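Please look over the structure below before reading the notes on it.

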Amino acid sequence: MLVWATVKIYLIALHTSLAGLLWGLDTGSIGPLTQMSQFSDSIGRLSSGQLGIYVACILLSASISSFCSGYLADIMSRKYAILTGGLIVAIGTVISASANNFPALICARLITGIGQGQSISVVTIYLCEIAPQEIRGTIATVLQLLITVGIAAGYFIAYGTSRLNTSLAWRIPFIIEACMAVLLAVGMVFMPYSPRWLVQRGRYEEARAVLQSLRQTENVDEELNSVRGTLEDESTKQASFSDVFSKRYIRRSLLGIFLMGFEMLCGIDAVLYYAPILFTQAGFSSQRASFLASGVSGIINLVFTIPAQIWVDKWGRKFPLIGGGIAMASCYLAIGCLYVAHGGKEDGEVYLSNKASQWAVIILIYMFVANFAWSWAVVIKLYACEIMPTRLRAKACALQQLANWAINFTVALTAPLFLRASPSGPYFLFSAATFFVTLVCCFFMPETKGKSLEEIEVLFEMKTRDLEHVQDSA
């Protein structure tokens with residue numbers, strides 16, 4: 001594969017991953033802007049319950065739209081599913097930027113979630129399907145890289161606009177998101193179709209032309225025939241959700257749904273959404289100090305994503321999930337123990353009683369974010385997508401993303417109340433959930449390093465046959 005073909009694929013990945021940038025901008029800015037006095041002056045001060053509802057409602061609509069995204073990605077193509085998702089995000093963020101009351105903000109956030117759920121669910125599928133196997137891991141994880149860029153940028157945009165004395169302080173982040181959403185939608189017009197989607201629709205010559213463009217070679221027959229071979233006996237049959245759970249595919253389907261869902265029980269979005277609350281509890285008393293500390297966590301998240309981008313195809317899939325899981329669970333366990341030993345509550349607010357424990361908690365939060373960034377953040381979405389066959393990938397990924405956002409919604413909704421109700425409880429819960437997922441990865445997760453999508457299909461078919469043979473023998 002020539003250099004220009006590689007550059008072209010990276011450019012496509014960067015543009016489509018603007019969907020991830022949009023998600024990151026929202027994740028990074030929503031916590032700080034809801035803590036701004038300018039926001040309270042415009043909308044009113046939100047209770048812990050209202051804050052949880054407002055932050056989490058985007059995940060509710062995103063989970064519903066991600067469920068539908070499989071149908072849309074199969075019917076209207078991966079390309080146009082991402083484009084329409086971008087347009088919906090633009091509409092939602094424009095309404096958010098112009099809202100003057102809490103109900104309007106809720107409606108706007110629900111609309112934004114519909115677009116976010118659709119676009120992000122389809123981007124991973126699209127990138128997995130256009131990338132050659134040698135760099136598929138790196139290409140597919142560009143989405144996560146731009147999410148982390150967006151989170152860091154969101155924190156510092158909010159930190160910068162908080163200095164404004166008008167409602168523009170909290171409206172500007174939404175305006176920036178709207179502009180990026182329009183850019184994503186317009187650019188998708190010029191992106192190629194997924195060659196595997198074209199084969200699935202029987203448009204073989206168009207698939208050949210796309211592969212020739214992306215591989216910068218005329219000789220793409222081997223790859224095209226491999227794709228056709230995996231689809232040939234099923235291409236005339238429209239995939240359904242029942243197929244995802246058929247005996248042939250149920251093992252990998254449940255594994256992907258489990259990984260994507262339980263990824264959120266590690267509590268990463270509780271940390272990212274409510275970072276100002278966490279750092280206030282840990283000792284940063286001023287608004288700007290807690291905002292700045294939140295921004296540092298965004299930078300750490302970005303910096304530690306980069307090594308994974310570079311080496312994910314060398315590390316494989318199991319090592320990051322097991323190693324990162326152990327490290328994250330240990331960080332949470334240590335934080336929980338510190339709150340047990342030195343924490344307390346006064347006037348309904350959580351506190352730590354001495355400076356040493358405060359700084360220890362802050363450092364451990366940063367260590368947790370760093371370990372999530374180089375491991376689970378990058379690998380889980382990639383692995384869950386690549387283990388599914390082409391015919392079922394869109395619908396399986398829709399179910400995976402539904403599980404991810406449904407659990408994320410629960411965490412985001414309850415986190416403000418949980419964090420203020422129990423100093424140590426949330427950290428022990430997240431530690432136990434993270435360790436459980438790590439054990440599942442250790443014992444039930446086949447390695448897919450260095451394999452094409454078609455070779456991964458063969459790998460799981462062999463394991464299914466071996467399992468059936470063992471059951472028959474018994």
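A salt bridge here is a side-chain nitrogen of Lys or Arg within 4 Å of a carboxyl oxygen of Asp or Glu. By this rule the count comes to 10 salt bridges. The model is a predicted one, and it holds seven cavities of 30 Å³ or more.

**Salt bridges**

- Side chains of opposite charge can pair when their charged atoms come close.
- One of the salt bridges joins K395 and D74, whose closest N and O atoms are 2.8 Å apart.
- K395 belongs to helix α21 and D74 to helix α4 (residues 48–75), so this pair ties together parts that are 321 residues apart in sequence.
- Both partners, K395 and D74, are buried.
- Another salt bridge is formed by the side chains of E129 and R78, at 3.0 Å from N to O.
- Because E129 sits in helix α6 (residues 102–130) and R78 in helix α5, the pair ties together parts that are 51 residues apart in sequence.
- E129 counts as buried because its relative accessibility is 0%, and R78 is also buried, with a relative accessible area of 1%.
- A network of salt bridges links D74, R78, E129, R393 and K395.
- R203 and E206 form a salt bridge as well, with the closest N and O atoms 2.9 Å apart.
- R203 has a relative accessible area of 28% and is therefore partly exposed; E206, with 37%, is partly exposed too.

**The largest cavity**

- Rolling a probe the size of a water molecule over the atoms shows where empty space is left.
- The largest cavity contains about 250 Å³ of space.
- Its lining is made up of 19 residues, and those closest to the centre of the cavity are W23, Q144, I147, M264 and D269.
- Helices α2 (18–34), α8 (142–161), α15 (268–273), α20 (376–386) and α21 (390–421) each supply at least two residues of this lining.
- Helix α21 gives the largest share of the lining, with four residues.
- Sorted by class, the lining has 10 nonpolar, six polar and three charged residues.

**Surface patch**

- A nonpolar patch on the surface is formed by V3, W4, V7, L11 and L14.
- Together these residues have about 480 Å² of accessible area.
- L14, one of the patch residues, lies in helix α1 (residues 3–16).
- The relative accessibility of L14 is 40%, so this residue counts as partly exposed.

**Single residues**

- Most residues other than glycine have a negative phi, and most peptide bonds are trans.
- S77 is not a glycine, yet it has a positive phi of about 90 degrees.
- S77 is found in helix α5 (residues 77–98).
- With a relative accessibility of 0%, S77 counts as buried, because buried means under 20%.
- L255 is part of helix α14 (residues 250–262).
- L255 has 9% relative accessibility and so counts as buried.
- L255 and E461 are 206 residues apart in sequence, and their C-alpha atoms are 15 Å apart in space.

Technical notes: Residues numbered from 1 in each chain as written. Predicted model: local features only at pLDDT ≥ 70, side-chain atom pairs only at ≥ 80, totals over all residues. Heavy atoms only, no water. Patch = residues over 30% accessible without salt bridge, like charges linked within 9 Å, V, L, I, M, F, W, Y side chains within 5 Å. Areas by Shrake-Rupley, 256 points an atom, 1.4 Å probe, with all protein chains shown as cover. Buried < 20%, exposed > 50% of the residue type's maximum accessible area, 1.4 Å probe, protein only. 1 Å grid on protein atoms, 1.4 Å probe; cavity = no way out; pocket = protein on both sides within 12 Å on 5 of 7 lines; lining within 4 Å. Points joined across faces, edges and corners; volume = space filled by probe spheres on them. Nonpolar A, V, L, I, M, F, W, Y, C, P; charged D, E, K, R; others polar.
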